[in-house]
Each structure stands twice: as C-alpha cells, then as structure tokens.
Amino acid sequence: MMIAWMILASLFCNSAQDGNSKEDGAFPCGPDSMTVRTLNQNILLTWEDKPSCKPLNDELTYDLEVFIADKQIHREKVAVSPDQIGSTHYWNWTSHFALECATHTLRLSSRYKNQSSQWKQERTIPGHKALDWPEVFPRDKVFQLGSRATFCCVLPTGESLEKLYLSGNSSANQNISQIGSHAYALTVDLNRASSTSCTDVKCETKTSDNGACAYIGYPPADRDLSCETQDFQTVECQWTVGRNTHLAIASPTTYQLLGSVCAEGFKGRCSHKMQVEAGERLWTVTAQNQLGTITLTHEADLTKRVHMFAPEGVKVSEVGARNVSLKWEWSVQTYNHLNLTCQLHISHGYAQNSTVPLAHQSHGDIIDYAITWAPTKTPDRREKSSVTHPKNSFALRLNSTDEYAVSVTARNSNGSSSPSSVTIPILNPGGGVIKSSRILGSNGGFNLSWSPSPSASCGFIVDWRPFVGTSGVDWLRVPPTETNVNIHSKSLGEGVRYLLSVHACTQGAPVLLERREGYIKEKIIPDGLFKPFTWTQRNMDVEVTWNRVSLQEQPAFIQGYVLYWVDNNNIVMNISTDNPQATSLTARNLQISSYSFTLKARTAVGECGATHVTAILNSPTDNLISAICITLVTLLVFLLLFVVFCCRHWECIKLELYPPIPKPVFKEKWIASLKSCHPVFMEMSHHEIELMTIPKLHCKSEVSAETDCVDQGHVGTTNRVEALSIPSTAMTCETPPSASSSLARTTYLNSSYNLMLNNGVQQPIFGPGSQETHSLVTRSNGYHPQRNTVHPEDASESLLPCVFTYILLPRSASTE
C-alpha cells in the first residue's frame, strides 16, 4: 500500500514539473494577487506567482495586454527566470492618454513552454465621467517646447463636440480623434512656449465650454560657473542664468550648491558656509525643473580666488607736492597674511546736479517741453506731446517689443533748444534678465564700480531710484575711461532701498550691464513688523506663521529669522532660518503649558522687528475628546430631528408600515343560521375526552337543514357551552376505531357540510329517514355517555353536538 502511494506522489510531482498539470483544461500556473497603482499617466502593475508555479524549472512568460476604451493598444511579454518564480513582479507603463480620458483595462496571462493560462487576472482603471460640462485632461501638466502632446475632452451624456484646440498654436499640426463614446483626443505638436501664465486647451460644445492649462517651456540651460571667497568662511559661486524657461509658475528652476538649497539661485549666485582650505576642489551647482536637470562644475583653489572686501578706515597720512600716503585696515584678518599687490586709482568724484541751466546761461524762462517719440524701425510713426514748466517728467506707454527714439526740447519766448535724445531699448531682448546684486552704502552715498565694456562707445550711464514707489529716476553720464563713480545726492535717504543700474552708452539704445540694490545706511526695523502673526498646534509642536514683509517696510536687508520662547525650566530656546523668504518656523517637542513666542528678523544692524504671540498648548487627547463630543452632539441633534419628524408624520408612517387588516365578511345565510342556533348541553367526563381520538373529517353536501350546535368547550372538568349556528347541511362524521375507545358514527342533516367521522371502515350514512343517531362517544367498557334520537320530521330542529376542539368557528359569529 505504501509503495502505491509513493508511485502516485511521484507521478503527481513529475506532472507538475513538466508543466502538464491541468485545471479545468487550462494551465494552472499563473498570476496571482494582481494590483494596480497610478500616478499621473503612469501605471504600475504588480503581481505574484501562484503556488503551483514553484515546481517549474524553466523560464515562465507573462503576456500583458492594455486596452483603452475596449481597444487593444499595447501588448508586451515579461520573462521570469526560474530563480525569480515565487517573488513579486513589477511592470511600469505610461499611457499617451491621461487616465481620466477613457477606461484603461489590463489583462495578464502566463505561458510555460506550449501551455497557456486563461486571462484570469484583469484590472480596470475607470475613466472620468463628465456631469454638467465638458472637462479637459491632463490639467496643469508641464511639456517641453517642440514635443508632441495628447489632450482629451470628456463630454457629458448627450453633448456633441464643436471645437477642441490649443490656443496660440498652429492648427496645421493638430489632429482630433474620438476615443470611446464620450471622449475626443487632440494630438498636437507644441511649437510655441507658454506666456507668463499658461497655454489654454479649449473644448467647446453647443451649450458650454471648458478648458485646462498646459505649461510649455524649456529645461534649465545655465552655464559658466565660477566660485570664490571673500572671508575664507563662505564660498560664493556665480553663473550665467540660461534662457527663460517659461515655467516660473508651474515648475520654477531650483538650485543647489554642494547639496544645499540656494535661495537666490534664480539670480545666478549662491553662497555656502564652510571653511575654505587650500587645494583644488570641484565645486558643483545643479539646476533642475520638471523638464530636466543640468549640473555645473568648477574646479579651483579658492585660497587663490579671493574677492576681497574694500579696505576700511582709509586715511591720508601725508600729502606732498607730488605724492600722497594712505593708510587703511582690513575687515578680514586673513588678508594680512596674503601677498597682495594694491592698485590706486585717482579720479574726480561725480555728484548729482539737479539744477534744466543758470540764469546767465539761458535765453529766458522756460515755458514748456516738447517730447517726441517713435519706433526706430518706423520713424514716420512719430508721436508728440508737451509738458508745462516746471514739470520735468512724462510717462510714455510703449510696446515692450520695439525700440524707441525719444527726444526732449525746451522752449522759451525766444525759441526752442536743441533736442536731447535717448533710445529706449527692447525689454529683455534676448529673453534673459540681469539679476541685481547688493551694494553697501558709505558716507551717505554709493561707491559704485563695474567692469569695462567694449560696447560703451560713448561712455556709461548710471541711474538710481527707490526700489519701490513712483519717484523719479536720477542719472549721470560717465566717460568711457571711467568704471567707477561716487554717487551723492540730497535725495538719497537712510532706510530706503535703491536700485542702481549701469548702462553702456552706444550709438543706439543703451545696453544694461549691471544692477545693484542697497541702502546708503540700513536702519533698525521697528517692532511689531510681522502681521498677521499666528500659531498652530500640531501634536506637541507649534508652528508660527507670518506674511512676507513688503519692501516698503524693510529699512534693512532681512537675512533670516529667529524664533524665541521660554520652556518650563525658564531656559530660553530658539530656532532660526537663513532664508529671508521664509514665512514660518516650528518649535518642536513642547509640553502642555502656556508659551510666549517672539519672532525677530536678522539684519546687518542686529535682530529687530520683534513680534509676540502667546500660545496655550492642549493635550492631543483633549482635541480628540472635543471632536468626539462634537460628533455625539451632532448625532443626537440629528436623532432628535428624526424623532420629531416621525412624530409629526406618524399616521403616514403607520399606514405605510402596518396597513389595517380588513375584518371578515360573512354571507347573509351564515349570519341567519347563527341566529337560529340552540344550545345543547352535553356531559362528558375529563377522562372520556382524553380517550377520544381526533377524527378525520370528510365533508359532503346534503339536503339543507338547520341544526343546533353544541360546543363541548375546551378539555377540562368544567365544560363551557356556547350557542352557535351552523348553516343547514347534512354532516356525517366518522371516527376511526381504537383499542381503548371508539366513536359511533353520527349523521346530521346540513345543507352546507357533510362531516364524516371516519374510523377506517366505510359505514352507511344515515339519511333523512334515520330514526336515531348513534352515540357520539363510546367508551371501551361499553358505557355510552349520551344517546340522542333524531326523527326525520324533527330534522330541522335536530341538535348537532359539535366538539370545537375539531371545528373552530369564528368567535364573532358565536356572539351575534
């Protein structure tokens, strides 16, 4: 017997290993536990092998099919080596449609040698169903300029498509097709970058329209990285920012220097705190957006690339006829150990002079100014306006894509002056933006210097104005041989941020070279600066938030923030950030208590702008209890309203749930017969009743007759008799024989019933001529409790003894 079992087990194992096992006529090995995850237009499919796959010793193949709107659009094979059988398998696929456009169905089957499983594993990703208006997908997606994209419009039931298009794009390269019964696809080549916001994809029907945003732009294209140090404690890197990516809203470019986030990377510069050591090192900056990543590298020994701070405390110690001696100090002590070569540049200082000439230099008082302007490409489109003296400014509304020539002429009683001309360049001609860098003021002004430029054929133009506001622009011209200037003016004020620009003067429009921003002197920020200043408890952490401080409220550069609070041990705690754009800080791992938080801004003149808020921390369980209480109160209110509603409409609810049951309706003859019923009293002992067997009743229609009915009552020592009336019928009752008792057959005339007590042997039925009736009950010892004789002539008045244990009549009929 044991040998037979071993042979059967061996045959079973060999069958499984050869892949010849069958399950309902199909290959039993197949996929199991299939799951689908989605992200945007990506589909990730995972599955496992059935346990029946483990004995396989050769490569197993899975077939994958993808259907979109019941149409197969992709098929792929996945091979699983024997050592991978039993593990989890992954498959990733990107649909060219947004998953909301149509239903995506995935099917999976297995193959081993020449055996295949059925398509048992199938998963469906339902598409979106539009309700009231058409909807376009994908929404707010980023695309690269020059790529090909597919959009879809899902229509409500009953709607038909009128238009589906990409705004601002040529219709020559657009293709529209239908997918499914309620969706249409638009395939288009993206040949135009988005504007400042996005490009609209519009879908229109006869009754409504809708759309979605598409962001079309470029990956980062920054270049020319260079790094240096000023104080040997900070690495500062600069690079040239690439072209405009047109993705500032959807996917702004982020920068990192040596893995640290650069807050001002979009300005083409970044700094990193670290000790600068001697030796060559590779410095790396990465720029990234959703379309790509670019890595900039620069290898240098920064101890040999020191961009020194200007000397401080410069004094003239000796002055001779042909020589002068100067003394100064360095703000960084490491400079004293450097082998330096100093260069002195002697030049005349320039100061702003705001006086249109003096009285002895003019030919009379100025009456007004004539302003003319026209695009340089179309000078015949000249426009003209005038400004009455003493006003000396005029606002022009120009097209930013054109270059304009503007001239101003002064007029007095003797005539007009020669025109002063200036050319206004195209705004951002190359799409790039020159970022501004900081400048520190000194002695109530700015010492501004810049690099020479070969394009400055007629010198340089320097202008400055407040960073915010509508104040006018002050400017001066510098000769081509000069590359620095001292700016001093009575209009410059402390605590005001100024924007300074250096332009190369050319024969055409001036060329912007550099920009600086700074204060002639930074001032302390007043307290209470951060408004609104709020706090939020997150478990046992407190997050304080504030709005960004406007430039008008910044009398100094904000370099970061610090948040102070006192713990339960009266120890002052703080947390800080070096990000001047931050709007929140979080104090962590606090205790249940009351805290006073103080936020300050870090500036060159110290920490200032203190703003306070008090926070009372509660236990997280208190919040849970509050939430539970609110939920219970809500449920009770709802239950109360439900009860009130039910009470007010109880009759309707009762009628619906428990409709009234109609009373039985009796025929007139039945009621009439009940009224003529006479009571007959029968005596029967309790023992006799117990010996009676329940007879079988057979009903036969006979001659109509009215009989009296006798109610034997319920079984007991005391019999209850009620007067009942039974319709006139002949009733025959037969009782089966019994070893202990027997019932004689009794026949009664009744027109509606013929009740027969059947004892198993057919007895002759007494007709109307019967002279007497047999006793109703015969005891085993021959005792007859009662005998009734019924004569034919008295048939209408004959009495019928009725045992209501057998026949129950309606209670209502017996009471009438």
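**Salt bridges, pair by pair**

A: Let's start with Glu543, which comes out as buried, with a relative accessibility of 17%. Keep in mind that this is a predicted model. Glu543 makes a salt bridge to Arg538, and their closest N and O atoms are 3.0 Å apart.

Elsewhere, salt bridges with shared partners tie Asp63, Glu65, Arg75, Arg107 and Arg111 together into one network.

Next up is the pair Glu514 and Arg516, a salt bridge with 2.6 Å between the closest N and O atoms. Here Glu514 is buried at 19% relative accessibility, and Arg516 is buried as well, at 18%. Both values fall under the 20% cut-off, so both residues get the buried label.

Then there's Asp224, which is bridged to Arg223 with the closest N and O atoms 3.6 Å apart. That distance counts because the cut-off for a salt bridge is within 4 Å. Asp224 is exposed, with 53% relative accessibility, while Arg223 is partly exposed at 44%.

As for the overall tally, searching the whole structure turns up 15 salt bridges, including the ones from Glu543 to Arg538, from Glu514 to Arg516 and from Asp224 to Arg223.

Notes. Residues are numbered from 1 along each chain as its sequence is written. This is a predicted model: local features need pLDDT of at least 70, side-chain atom pairs count only at pLDDT 80 or more; totals for chains, interfaces and linings use all residues. Side-chain values use heavy atoms; hydrogens and water are left out. A salt bridge is a side-chain nitrogen of Lys or Arg within 4 Å of a carboxyl oxygen of Asp or Glu. Buried means under 20% relative accessible area, exposed over 50%, partly exposed in between (1.4 Å probe, protein chains only).
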